[in-house]
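Colleague: Could you take me through this model, one residue or topic at a time? Please give me the cut-offs as we go.

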Amino acid sequence: MDYEPRPPLRERINLRIIVFFAIIALPFVWLGYWSVKQAMTNGIEQHNGYAQVELKALGNFNFDQTAGTLNDVPQRWRELDGKRVVFEGFMYDGKSAGPKLGSFQFVYNIQKCCFNGPPLVQERVFAHVPNNREAEWIDGFARLTGILHVNVKKAKDGTITSVYTLDVEKAEPIG
């Protein structure tokens, strides 16, 4: 019985195999990195003079839509009250069709409403442009910078109308 020895490992593994496995592993590495980053930062990354806030994490807690109070908002979000923050997400305004807005809602995913119903009150940031100024409508992914206010506001009938409001300083498209 003739036996052929296996080629050395360096001849069996080449650059194509390494690239192939790297491409396959990349999504898993990215998902792991993103998960660890979210767990470590709790959705808030402090920078020089502002906090980068993950908009989805901001609203990811149970909140009674009619009887919720400020104490029901997690402490890490209440600590952002009056601070300069940056959000990335999508503009929404069901009242205006113009190219400039004085106020609008900002959500992490505008299409979420198609699958799970409209975003809950704690999943929205109600943005206002101060001093009678207006922001350009951005049709797509956008970045907002401004001063965040965390306060549960109710209408006369007792329904909660907002948890987060933002005094917009800057609105810009991303990508």
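Colleague: Is N132 buried or exposed?
Modeller: N132 is exposed, with a relative accessible area of 80%. The classes, computed with a 1.4 Å probe and protein chains only, are buried under 20% relative accessible area, exposed over 50%, and partly exposed in between. This is a predicted model, in which local features need pLDDT of at least 70 and side-chain atom pairs count only at pLDDT 80 or more, while totals for chains, interfaces and linings use all residues. Residues are numbered from 1 along each chain as its sequence is written, and side-chain values use heavy atoms, with hydrogens and water left out.

Colleague: Where is the place of N132?
Modeller: N132 sits in the loop between β6 and β7. Strands here are DSSP runs of E with at least two residues, helices are runs of H or I with at least four, and both are numbered from the N terminus.

Colleague: What is the phi of N132?
Modeller: The phi of N132 is near 55 degrees, which is a positive value in a residue other than glycine. Most residues other than glycine have a negative phi. N131 also has a positive phi, about 60 degrees, although it is not a glycine. N131 lies in the loop between β6 (125-128) and β7, and it is exposed at 67% relative accessible area.

Colleague: Changing topic, how many salt bridges does the count come to?
Modeller: The count comes to five salt bridges, where a salt bridge is a side-chain nitrogen of Lys or Arg within 4 Å of a carboxyl oxygen of Asp or Glu. One of them joins R84 and E169, whose closest N and O atoms are 2.6 Å apart.

Colleague: Which residue meets E88 in a salt bridge?
Modeller: E88 pairs with R143, at 2.9 Å from N to O. E88 lies in strand β3 and R143 in strand β8 (residues 142-154), so the pair ties together parts that are 55 residues apart in sequence. E88 is partly exposed with a relative accessible area of 25%, and R143 is partly exposed with 26%.

Colleague: What about E136: with which residue does it form a salt bridge?
Modeller: Its partner is K100, the closest N and O atoms being 2.9 Å apart. Because E136 is in strand β7 (residues 135-136) and K100 in strand β4 (residues 100-101), this pair ties together parts 36 residues apart in sequence. E136 is partly exposed at 44% relative accessible area, as is K100 at 42%.

Colleague: Which residues do salt bridges that share partners join into one network?
Modeller: The network consists of E88, R143, K170 and E172.

Colleague: Now T165. Buried or exposed?
Modeller: T165, in strand β9, counts as buried at 7% relative accessibility. Not counting residues up to four places away in sequence, T165 touches V125, F126, H128, I147, L148, H149 and K153; contact means heavy atoms within 4.5 Å.

Colleague: And with which residues is S162 in contact?
Modeller: Leaving aside neighbours within four places in sequence, S162 contacts V121, F126, N151, V152 and K153. S162 is found in strand β9 and is buried, with a relative accessible area of 5%.

Colleague: Where is M91?
Modeller: M91 belongs to strand β3 and is buried at 4% relative accessible area. Its C-alpha atom is separated by 9.9 Å from that of F126, a residue 35 places apart along the chain.

Colleague: Last topic, the whole chain. How many helices and strands are there?
Modeller: The protein chain has five helices and nine strands. Its radius of gyration is 23 Å, well over the 16 Å that the globule rule gives for 175 residues, so the chain is more spread out than a compact globule. That radius is taken over C-alpha atoms, and the rule is 2.2 Å times the number of residues to the power 0.38. Along the principal axes, the C-alpha atoms fill a box of roughly 95 × 35 × 35 Å.

Colleague: What percentage of the 175 residues do buried residues make up?
Modeller: Buried residues make up 30% of them. Of the contacts with a separation of 6 or more, 65% are between residues 24 or more positions apart.
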